[in-house]
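Good morning, and thank you for coming.

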Amino acid sequence: MDRILPANFFSVQLWFFKRVGFLFLIMQLIQMNGLAQQNNLLKVSGKVVESQSGTSLGYATVQLFKQTDSVAVASVTTLEEGNFVLEAPAGTYYAIIAFIGYETHKSQVFRLSRENSPFDLGTVRLASLTKTLEEIVVQGEKSSMQLSLDKKIFNVGKDLANAGGTAVDILSNIPSVAVDVEGNVSLRGSNSVRILIDGKPSGLVSLRGGSGLQQLQGSMIERVEIITNPSARYEAEGMGGIINIVLKKERKEGFNGSFDVVAGYPENFGVAANVNYRKKDFNFFVNYSTSYRNAPGKNNLYQEFYRNDSTFISTKEMEHHLKGMYNTARAGLDYFFDEKNILTAAYTYRMSKGKRFSDIVYHDFLNDIKNPTGITRRTQDETETEPNSEYALSFKRNFKRQGHELTADVRFLDNWENSDQYFGQDEYNPDGTHTAVPYLLQRAVNYETEKQYLMQVDYIQPFGENGKFEAGLRSSFRDMTNNYTVTQRDEDDSWFELAGLTNNFVYNENIHAVYAILSNKIKKFTYQAGLRGEITDVTTTLKQTNEVNPRKYSNLFPSVHVTYDLPEGHAIQLSYSKRVRRPQYNDLSPFMTYSDNRNYWSGNPDLNPEFTDAFEIGHIKYLDKASVSSSLYYRYTKGKIMSVRRMDEEGNSVTVPENLATENSFGAELTGSYSPRPWWKMDGSFNFFRAITDGSNLSDEFESDTYSWQVRLLSRTTVWKNTDIQLRGNYEAPQQTPQGRRKSLATLDLSVSKDILKNKATITLNVLDVFNSRKYRSITEGANFYASGSSQGRLRQANLTFNYRLRQAKKKVKEGLDAES
């Protein structure tokens, strides 16, 4: 195994990091104090709203250009309430404001001086692009990536490879995000990630974790937000950060929408519609998608099991197909009492019905691969039904002063899943003839339910010129059940239960939270300090065996963000937050998967939460045609949750999550976008990290010290009028794990799109994983076993997508607006 540094080295590193961060902060304060006296930077402020309704436009891009040479000196995205503030030296400037689906606005030239700072651009009203598309000038599309210090925003529709895909496909190609063959999502190498939809928990990621996102069609997604070091405003859940998936929703006047039709191979057929109608005080929105997919996959395993003086060798070859129909319907209503009060009601219904077929062949050998002892074939035939519903009611009150607001949200999630599986097994001699062992037929029935109530209130009170106080309350009540039964057919055709595999698991979770945040800006120095308190009450019960495991704990989660604006469009931020990863339902459920009756996976009812201290230093630079974001981060985790594989005396493996002692993780990330020509755009990211894992509390074998990195590059060119070609490449370097290593992974996607029907429609052809190389390969070792496996959950996929826009423009902006903030 790898050499492990002494335990006290971790504490020394943590001590050193904290003091360096403290000294860094003091130096920045001293530097700020000196530079503040010079007061070189002046302010430009304003607000961006929709022209007809006056609705605030958050995330609009505002850029400040010099009049003399049109060089961008500052760039920012508007806050959710539409406000913005830029800083620049005295001079003569003009501003350009852009937002997807609206006309680009260019301000009058103005002189910025000490006498008129802060210069107020007033309320900028952007008009919706509802005129004929022939009138729109096409001169270069916005970048797919928007960068800021506290989060990164990825506009899904701008990446051609996303056409025809699902939410899982989209996440797997976002910088620093990885999705494994089971659909588990990780960020910067950490699999403790909180996934939200529209900023709230969703039934899609409750019962099945990240794999449930396979049901969400990508055409319903507007953007994905990555928040690597969240403030106290957000749930403390998610050690690696937060991934927020924002669904499409329009508020423009009149009737408008978009429609998608997709056909692909392996079978992927679907249609989707995103429509809204706005009339004065009412806004109706409807999203609907239906699809049929056949997802083939395969995996293989080579394993050696050591017992006494013998080596038992086995190989496993598995092919599987998941065929299913997926339907998602989402409808809602916004009612504008006036410009300051909005009530929103929404309902979402999802239904998936699928059939899973698996064929597993085991070959067994004794001591040598040349000495076969037998062959076993096992089949799986599963029928699965999974509906879920979400009800949401929210209210937002904007007070007289800009930024003074109150929001309230109530949600109810009602989900269930019914799985009925049949397993058949035949045994053969090495020469292929049947053995005397009779045909084995088994059945596993699994019925799961979830009900969750969520209530949240948030309040923001501005003070002074730039100060802000925030506070909020949140309570969630969640009850889940899992009734699991495994039976086997006897020789007389009767059925009997298999011992230890039948029970009723009940999971009750109540979490209550309160938070407060104070923030302000003094000259070029911005600070935000917050504290969140959470009370967690979780009880798990195995009804048939009457095993009850209650857990109740209270924790404080502080967060600090300090930002300093440097000259020439630079900014730097130092942040800290405390995070938690609570064991989720699947982590605790003791029921084992039974499709592979030699390799079992189950949860661990005795699993404890893991806690992380996360530090990060970030930097961002805005350029005329580009933007670059870089960061250094460090995470110290206690009680690290990780899957551990063991072999029993029969040579069967059991994999369960367990708490390891600690993990120290260091990393550096570089993300940028660049448009060297109006017809050529590039996005890229590079993430390098080191993780030192100490699992000596379980065994001295469970320790590792690994270096690894990930890189993603995207290049998009316009080769002739209205035709784009895109290449997207991803590479994940190999890395050590506490029980072995994970091998490298590389993929390449190719896409071509063309605007047709007078720019009212787009047809896109993409090939995902051109070389069919998305294979997750790993080696796992223990005291009595060695295993080498390869798994491919999705084979090469080709999709042809047709998108039609009704009274919507494919938003274009002039060269120079490609660098998003």
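What you see is a predicted model, in which local features need pLDDT of at least 70 and side-chain atom pairs count only at pLDDT 80 or more, while totals for chains, interfaces and linings use all residues. Residues are numbered from 1 along each chain as its sequence is written, and side-chain values use heavy atoms, with hydrogens and water left out.

Let me start with the whole chain. It has three helices and 45 strands. Here helices (H or I, at least four residues) and strands (E, at least two) are DSSP runs, numbered from the N terminus. Of the 821 residues, 56% count as buried. Buried means under 20% relative accessible area, exposed over 50%, and partly exposed in between, with a 1.4 Å probe and protein chains only. The chain exposes about 34800 Å², and carbon and sulfur atoms supply 57% of that area; the areas come from the Shrake-Rupley method with a 1.4 Å probe, and for residues only the protein chains shown count as cover. Turning to contacts, meaning heavy atoms within 4.5 Å, residues 24 or more positions apart account for 67% of those with a separation of 6 or more.

Next, two of the sheets. In what order do the strands S4, S1 and S8 stand? They form an open sheet in the order S4-S1-S8, with mixed pairing. Strand S4 (83-88) and strand S8 (119-126) each have a single partner strand, so one side of each is left without a neighbour in the sheet. From one strand to the next, the twist averages 25°, where axes are lines fitted to C-alpha atoms (for helices over the stretch in contact) and angles run from 0 to 180 degrees between N-to-C directions. Two strands pair if DSSP finds at least two bridges between them. Strand S1 (residues 42-50) and S4 are antiparallel and share six bridges; in one of these pairings, serine 45 has valine 85 of S4 as its bridge partner.

A second open sheet, also of mixed pairing, has three strands in the order S30-S34-S33. Its edge strands are S30 (599-601) and S33 (641-647), each pairing on one side only. The twist here averages 30° from one strand to the next. S30 pairs with strand S34 (residues 653-659) in the parallel sense, over three bridges, and asparagine 599 has serine 653 in S34 as its bridge partner.

I now come to the cores. In soluble globular proteins, nonpolar side chains tend to be buried together. A nonpolar core is a set of buried Ala, Val, Leu, Ile, Met, Phe, Trp, Tyr and Cys residues joined through side-chain atoms within 4.5 Å. The largest one in this model has 23 residues, and Leu171, Ile221, Val224 and Ile245 have the most contacts inside it. Helix H2 (167-171) is one of the elements that give two or more residues to this core, and its share, four residues, is the largest. Leaving aside neighbours within four places in sequence, valine 224 is in contact with residues including Phe154, Leu171 and Ile243.

What about charged residues? Side chains of opposite charge can pair when their charged atoms come close. A salt bridge is a side-chain nitrogen of Lys or Arg within 4 Å of a carboxyl oxygen of Asp or Glu, and by this rule there are 28. One of them joins arginine 474 and glutamate 235, at 3.5 Å from N to O. These two residues are 239 residues apart, with arginine 474 in strand S24 (residues 467-489) and glutamate 235 in the loop between strands S14 and S15. Arginine 474 is buried, at 8% relative accessibility, and so is glutamate 235, at 13%.

Another salt bridge, at 2.8 Å, links arginine 690 and aspartate 705. Arginine 690 lies in strand S36 and aspartate 705 in strand S37, so the pair ties together parts that are 15 residues apart in sequence. Both residues are buried.

Finally, consider asparagine 510, in strand S26 (residues 503-522). Is asparagine 510 buried or partly exposed? At 23% relative accessibility, asparagine 510 counts as partly exposed. Its C-alpha atom is separated by 6.2 Å from that of arginine 478, 32 residues apart along the chain.

Thank you for your attention.
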